[in-house]
Amino acid sequence: MKNFLSFALVILLVFTTCIPAMASEEISVYFNNEKLDFDVPPTIINNRVLVPMRHIFEKLGAKVEWYDETGTATATIGYRYISITIGSPLMDTQRTPIELDVPAIASDGRILVPLRAISESFESRVKWDESTNSVFVYSKDFVDYSQELP
């Protein structure tokens with residue numbers, strides 16, 4: 001009985017300390033100062049923010065194609081082209097491979113992609129605000145590249 005009470009106390013402590021910590025880990029993503037809402041929340045893996053692929057590609061103005069047989073997505077804006085495959089450490093941009101810190105993953109029926117790598121491939125600028133757990137993405141048409149990000 002004493003072991004059971006000790007175990008119950010440990011479980012109670014874990015839940016009362018972990019749940020508030022997890023709630024404060026929500027990641028906000030802004031595109032050109034507009035807060036984005038995702039059906040699957042952004043996540044952090046190895047200090048990289050991953051977001052649902054189609055939503056961010058479309059916000060960037062990309063035409064998206066999905067190839068289920070290979071788990072590969074392509075996105076095109078004008079002459080810019082990228083290709084990313086679930087689990088691959090490489091992303092193809094203009095036929096040039098770029099090594100990713102974190103590959104694309106499948107989660108809750110969505111493909112999550114590394115936000116910074118995708119955004120910068122389409123000439124957007126990205127800023128992380130650790131104090132608010134927020135990522136700010138600015139398209140090249142929205143921000144003056146000679147100035148600091150807001």
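**Pockets and core**

In this predicted model, the largest pocket has a volume of about 240 Å³. Its lining is made up of 13 residues, and those that lie nearest the centre of the pocket are N47, R48, V49, R116 and W128. Two or more lining residues come from each of β4, α3 and β12 (125-129), and by class the lining comprises eight nonpolar, one polar and four charged residues.

The second largest pocket holds about 180 Å³ of space. Among the residues that line the second largest pocket are F31, L60, I77, Y79, R80, F122, E123, K140 and D141, and the lining as a whole counts five nonpolar, three polar and four charged residues.

In soluble globular proteins, nonpolar side chains tend to be buried together. The largest nonpolar core here has 28 residues, among which I56, F57, I84, V113, L115 and I118 have the most contacts inside the core. Elements that give two or more residues to this core include β1 (28-31), β4 (48-52), β7 (80-85), β11 (110-114) and α3 (115-121), while α2 gives the most, with three residues. For L115, once its neighbours within four places in sequence are left aside, the residues in contact are V29, V49, V51, I56, V135 and V137.

Strand β7 is also the place of S83. S83 counts as buried because its relative accessible area is 12%, which is under the 20% cut-off. Leaving aside neighbours within four places in sequence, S83 is in contact with T72, A73, T74, M91 and D92.

Terms used
Residues numbered from 1 in each chain as written. Predicted model: local features only at pLDDT ≥ 70, side-chain atom pairs only at ≥ 80, totals over all residues. Heavy atoms only, no water. Core = buried A, V, L, I, M, F, W, Y, C linked by side-chain atoms within 4.5 Å. Buried < 20%, exposed > 50% of the residue type's maximum accessible area, 1.4 Å probe, protein only. Helix = DSSP H or I, 4+ residues; strand = E, 2+ residues; numbered from the N terminus. Contact = heavy atoms within 4.5 Å. 1 Å grid on protein atoms, 1.4 Å probe; cavity = no way out; pocket = protein on both sides within 12 Å on 5 of 7 lines; lining within 4 Å. Points joined across faces, edges and corners; volume = space filled by probe spheres on them. Nonpolar A, V, L, I, M, F, W, Y, C, P; charged D, E, K, R; others polar.
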